[in-house]
Structure formats: structure tokens, C-alpha cells
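Student: I'd like a close look at one kind of contact between side chains. Could you walk me through it slowly?

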Amino acid sequence: MMVTGMVQFEDILRQVQSYRGGEDLSLLRRAYEFTVKQHAGQKRLSGEPYICHPLEVAHILANMKMDPVCLAAGMLHDVIEDTHTTTELVRQDFGAEVARIVEGVTKISRIKFLSPQDQQAENFRKMVLAMVDDIRVVLVKLADRLHNMRTLEYLPPDRRERMARETLEIYAPIAHRLGMGKMRGELEDLAFLHLEPEAFADLKRTIESRRKVSDEFLAEVRAQVEAKMKETNIPARVEGRVKRLYSIWQKLRRQQIPIEQVYDLLAVRIVTDNVKNCYAALGVIHNTWRPVPGRIKDFIAIPRPNLYQSLHTSVIGPHGQPFEVQIRTDEMHRIAEEGIAAHWKYKDGRPLSQQDEERFAWLRHVVEWQQEMRDPGEFLSTLKIDLYPEEVYTFTPKGKVIVLPRDATPIDFAYAIHTEVGHHCVGAKVNGRIMPLKYHLRNGDIVEIVTQTTQSPSRDWLGLVNTSRARNKIKHWINVAQRKQALDIGKRLLEKEARKFDISLRKITDEDYGRVARDYGCASADDIYAGIGYGKYAARQVLSKLVPAAKLEPAHPSRLATSVKRALGVGSEAAIQVNGQDDLMVYLAKCCSPVRGEEIIGYITRGKGIAVHAKHCSNVQNLLYDVDRRIDVEWMGPKYALYPVKLALLTEDRQGMLADVTATIAGVHSNIQNIEARTGDSRANIEVTVDIVDVEHMEKIISSLKKIEGVYQVERVTQP
């Protein structure tokens, strides 16, 4: 059976035969015929027959040169989810391997990643474990997501935005971590198109307006490079490319530079036959054009963690136009484009290669984290940090390479060496000079860590480190030390309270402690003591539960039914409820100034009550090293209050811009408390503090400001 107007099964079959010649491919035909039968009569939102989707997924996998088992699973990936087919039936008809992959993809498809944090973290765990079990599960899922993103315009706006955001936050970083540059690039651009349509259109127009000049320039440079390579007898294939839109947009936003200063906007790629000729080609390029200082990167000698290898250099080309040159071998190019799919082998029961083992190292780390971490938010933060590292390459005095994220410090380096080296770190010599622990390491730094056995981690270190390993080790150490202190304080406070009522704690049984622990959701009496020590529970309240017959004077004579707390700085209208506690002082943290409607989290402070942070606050991860001091809080009731929010705008410097900004803010019913503007380089930085009612009101203001002609960027400002 054939379906017209789409990728044809016979085309896929011929493609697979071209790289799996001589193998029995009857499995693929059976999978195709089964899929056609199961999805008969079903249509996609585009109006096409549903069968076109599994065929396109199989086609993407065939382009990646995946094995027949993987392609069969790609064709069958929706039959459990969208038809009456069971996993058992797939296992009977196609074998355990195919069934396991299809079942894994089905489980991932049911995951809602953009969900409440606890559930989101659990969903991440499930996907990571599926990846470790069989990486083809995620390769099929990535192919499925890529085709869905290519046809995203047929979805309703809310689903379209959710899927695009999920793609940008989850699937593109995973493709990057697996070294799949081509897949990652297309996923990012498609997500960018739907999440920031106006910015996408503006940038595309800018690039298109330069297209003719760019193409002519690249053609001229390619011809020169080809001639030089021929002249020096270096076999080479030369390609030209314009940087992807999402990558350009990210760089423009991060560095706040005009497009003329994006040195890698245009690039030439030289693909040659061996490593020796890669370096020879680099020499030819530098003899032909002047290199830009600091822009030479050797990822051949020191590959990126996802095993990407290439030489990068930026040079000033003809007519003063900067451009990037990438030099690599054919094998390096294949791995840069396809990543783990380029050399993933399942046939003949072949063991994993050393490179494949290295690719899996980060997955094994993630599995270890998910087993160690109690706090979902901590796990989530760790995973997001590790999925998208931007690396610096540093060295021990003996020459061992230590790869760290950008802005890593000597403390990160120390923990990368060994946990005990990190714990006892007191200083560092960088390139032979003593440097402070807050120093940001740079490519090529030689680092020697100075230790003392009396040194121990400081909470301040959490503000300095940039690796998940260092952060987790520091948090664990502080957690253990502070919990011991809180436990001792809690015992003393409970004993003191018991003496007031002439009650002997020795007479209280383990059963009583167990009963009260269950009431508080604790695992043991020690958890209750620690909670009292932290200020999470009142000693008298705990005592009244332990000895209910003693008729203690209640700690809270008038229990407020709504558990309304005072909120400092914003007035009584902005009520916050603290789950399970009464009469605790509550205040909004100044660092993030959360507004009604945002997700919030409470943190018990000593002597100040409960600080309420927005969950997105950059300080939250540093503060929440001890989950025992975290407490659930929520906005209470549809109260009306005004919250000051500072917004930062990056705009073009034109007459009337300030007037447009103020008129737009007034048009969405907001008052301006303060506004400041600075200009330079044909751009303006405007900071405006506005009164808002809730998070929806804030988002409406930001959305309206983005629509003003000449406004490049609008962001909420929070304090570090």
C-alpha cells in the first residue's frame, strides 16, 4: 500500500539499503504495513493522513543512518499512544528491542515537562533513565519532535507556544549534549519562529537584506580558499554558511552588540582528510588573512564534552569583513552534524566504543544526581545547568585538562579534582600567581589549588561556583552541618518548653514521637527537633501534640482559619498563606520582589520570619541548600495590591521613543513610578519602574512594549 503526497516508504527503504546493504529489511516493511493499518482513517490537524508523520520520522532517522530496529520503532512510535495497540502486541510482532524503544518513546510523549516543579523533575528523571536504557528511545523522540515542529503552525496558539518552549528548554539542549548540531540548530530556529515571531521576522529581514552581499562575499572567499588549498596540495571540500537565526539573536541579546560585530555571522568550513591537514589548512588561512586575536579555538586537541572536534578561527577578510573559518576532517564533520547517531552501533552485539562511553558519562552523572537529591528544584536546576554548558579549558600543573563552564572559579576547579580538595580549598595559584577564589577562569589557565585541613565550605561559596558538582557538594556539607546544629537547638527548646509545664520528655514514647512525626509529614523525631531548631515548628505546638492530655495553654489562642500572614512592604492586601503554620512573620524578598500570580517559595530565616521568593529568583538555588528550611507558601484570595516592577528596555535611539514607551504603559492601565534613559551607539537603554497588579498585568505590559517599533528587548530587572 502506498500513500501519495509525502515521503514514500520505498524511498526510505532504498535509503536504508544504501548504508545497510545486504541486511534483511523485512522488519521495516512489516512495521510500515502494521502502522498503515493501525492509523487507518486518522488525520493530522493539517488534514494530511496520519501515516505521513511516522513516515517522516522514519525518514529523519534514515538520514541519520540509524539501524533497522530504530527505524521500525520510529514508524511504530505512536501506535501505543494513538491506537488500540498494546506493548505486548508490538513485542509479539516485532521483538523485545523494538517494543522497548516504542514503549520508551510513548512514556516520554506522555511527559508534561512544563508542569509544576515536583512533577517536572520526576518527568526529567523518567526521560534520563529511558535514555540510559537505550539511547535510541531519545533519538526517535527527537525525530518525532523535529517533524512536529516543522508542522507546528497547525496547532492552536497555546499548544504551539507550549511545544515550542519545551523544545527550546528540553529537546534542543539534549540534542546539543548528544553532539547533534544539525538537529539542535533546526529545533532552536523553529522554536524561535513560534516563541518570538516578531523578533524572528525582523532578524530574518535583516539577514535577507544582506543576502546578496553575503552570498557574493562567501563565494569570493570560497574561491580563494579552494585556490589556496589546491596550491598547497591540501585536499579539501569548502562550504560557506550564514549563522543560524536563533544563534545570532542569542548573541545580539547577550552581548548587546550590533549585527556588524558578530564575527561568526558568516563562516567558511574546510573539510579535509586528516588531522595533519587540518592544522596545515589553519596555517594557510592565517597566512592569507589576519586572525582576530583571542578567536582561535582548538577543539581537535581538546574536544568539547559532547565530543565535537574542529578548529575555529576568525579572520578579517577581503574589504575588512570578519568571518569565521571552521576546519575539520570528514569524520569530525559527521559527528559535529549527527553526534551520537553518527557512530552508534548495535549490530553484531558490538560493545560501546571509548567515545560512546564518554558520551554516556554525563548521563551516568545525571542518574547519580537523581538518586541523591531530595529536592526536585535542586535536581532540575542541576540538570538545566549541565545540559547546555559553555566551556573553558583549564589545566592542572601536570597538564591534565579540566573542562568547566564559562565563569567557573577556582572552587569549581577544586571540586572537579576531588570533593576533599574542594572542601579544604583556601586559595589558588593561576598561572603561577595567587588569585582570589572569585576569579573567573579563562581558557588555558594552569590552576594549582592551595588547601588547609582546617578549612571548610562557606555558604558564600554558593554565590561563586558555576558547576553543578561544586554546588551540590557545598550544599550537602552545609546541610549536614546546619542540620546537626538545628537538631541540638530543637532538642533544647523542646526540653525548655517541657520544663515550664513540669513534663518529663523521658516519659514520651517512641510511638508518640512517631505519631507526631507523621502529623508533620516527618520521617523521625530528629526531623521534628530539626524543624523546631530552624523555626519551622513552634516548640509548644509540638509539645501539645506529644502530650495532648496535659492541657497546655495554646501557643496560638486564636487560630486564623485562613492562615493569613502579614506581608512587609506591600501592605495587608498582599496576603500570603503559609501552609500548615500560624502567625509567622512573612515578607517579600527584595532581590526578586515577587508579584501576585507568580510561583513563590518560602524560606525560613533566623529572626526575620519567612522570606518569600519568586521561584525564578537567581538567589533561590543558593538559599535553598537545606530543604528542611523550605516551606510552601501561596498567594491568598483575589486581593488587589500594586507591586513595583522595574523593566529594562534596549531600543534604537530615535526621537519620540520615550513618548511611545510612556503612552504604551499608560494604555495598559499602569502608572510609572520612575523612568531613566541612557543613549549611545545609536541605541538607548531605558529603565522604567511601573505599578502592576499581578503577573498577567506585567506580561501584558512587556508584550505591549515589545510591539513598539525599534524596541529590541524588554526584560524584568531583579537584584542579584
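Student: Which residue forms a salt bridge with E88, and how many Å apart are the closest N and O atoms?

Tutor: Keep in mind that this is a predicted model. The partner of E88 is R91, and their closest N and O atoms are 2.9 Å apart. As a bit of background, side chains of opposite charge can pair when their charged atoms come close. Now look at where this pair sits: both E88 and R91 belong to helix α6 (residues 87–94), with 3 residues from one to the other, about one turn of the helix. Neither end is hidden away: E88 is partly exposed at 40% relative accessible area, and R91 is partly exposed too, at 32%.

Now hop over to E598, which forms a salt bridge with R716, their closest N and O atoms being 2.6 Å apart. E598 sits in the loop between β15 (586–588) and β16 (600–605), while R716 is in strand β23 (residues 711–716), so this pair ties together parts 118 residues apart in sequence. Here E598 is buried, at 10% relative accessible area, and R716 also counts as buried, at 19%. Elsewhere, salt bridges with shared partners link R237, E239, R269 and D330 into one network.

Note on methods
Residues are numbered from 1 along each chain as its sequence is written. This is a predicted model: local features need pLDDT of at least 70, side-chain atom pairs count only at pLDDT 80 or more; totals for chains, interfaces and linings use all residues. Side-chain values use heavy atoms; hydrogens and water are left out. A salt bridge is a side-chain nitrogen of Lys or Arg within 4 Å of a carboxyl oxygen of Asp or Glu. Helices (H or I, at least four residues) and strands (E, at least two) are DSSP runs, numbered from the N terminus. Buried means under 20% relative accessible area, exposed over 50%, partly exposed in between (1.4 Å probe, protein chains only).
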